[in-house]
Amino acid sequence: MAKTAKLAADIGGSAHLCNVSDPDSMQAAIDAAIASNAPAVVYFPTGTYKVTSISSTGPYSFGEALSHPYSILFKGDGPLASHIVSSSTSGTILTIGPGQ
């Protein structure tokens with residue numbers, strides 16, 4: 001939790017933690033970042049995040065995150081530490097941009 005507090009202080013906003021053992025935490029963190037209506041960080045601590053998809057399953061979508069009036073930063077512990085991988089054999093894991 002100290003890392004998220006530092007990230008929030010660095011941007012003067014809020015930070016939202018993803019939990020590697022909870023696939024729904026990623027969508028919840030994105031939704032919370034958007035709902036904060038302030039600069040926000042969605043933080044992925046070291047680990048492998050297995051997801052089927054991240055989309056508008058919550059009240060917000062990535063398109064809304066991109067059009068948010070403040071910046072939302074997606075941050076991990078580095079390319080060799082934080083990974084988002086598909087738990088299925090096909091389909092889109094992550095869509096960034098307006099939904100259809």
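Tutor: A search of the whole structure finds two salt bridges. This is a predicted model, in which local features need pLDDT of at least 70 and side-chain atom pairs count only at pLDDT 80 or more, while totals for chains, interfaces and linings use all residues. Residues are numbered from 1 along each chain as its sequence is written, and side-chain values use heavy atoms, with hydrogens and water left out.

Student: What makes Asp 77 and Lys 3 a salt bridge?

Tutor: A salt bridge requires a side-chain nitrogen of Lys or Arg within 4 Å of a carboxyl oxygen of Asp or Glu. The closest N and O atoms of Asp 77 and Lys 3 are 3.9 Å apart, so the pair qualifies. Asp 77 lies in the loop between strand 4 (72–76) and strand 5 (82–86), and Lys 3 in helix 1 (residues 2–11), 74 residues apart; helices (H or I, at least four residues) and strands (E, at least two) are DSSP runs, numbered from the N terminus.

Student: Why is Asp 77 called partly exposed?

Tutor: Buried means under 20% relative accessible area, exposed over 50%, and partly exposed in between (1.4 Å probe, protein chains only). Asp 77 has 32% relative accessibility, and therefore counts as partly exposed.

Student: Which residue forms a salt bridge with Asp 10?

Tutor: The partner of Asp 10 is Lys 6, with the closest N and O atoms 3.0 Å apart. Both residues lie in helix 1, four residues apart, about one turn of the helix.

Student: Why is Lys 6 described as exposed?

Tutor: Its relative accessible area is 51%, so Lys 6 is exposed.
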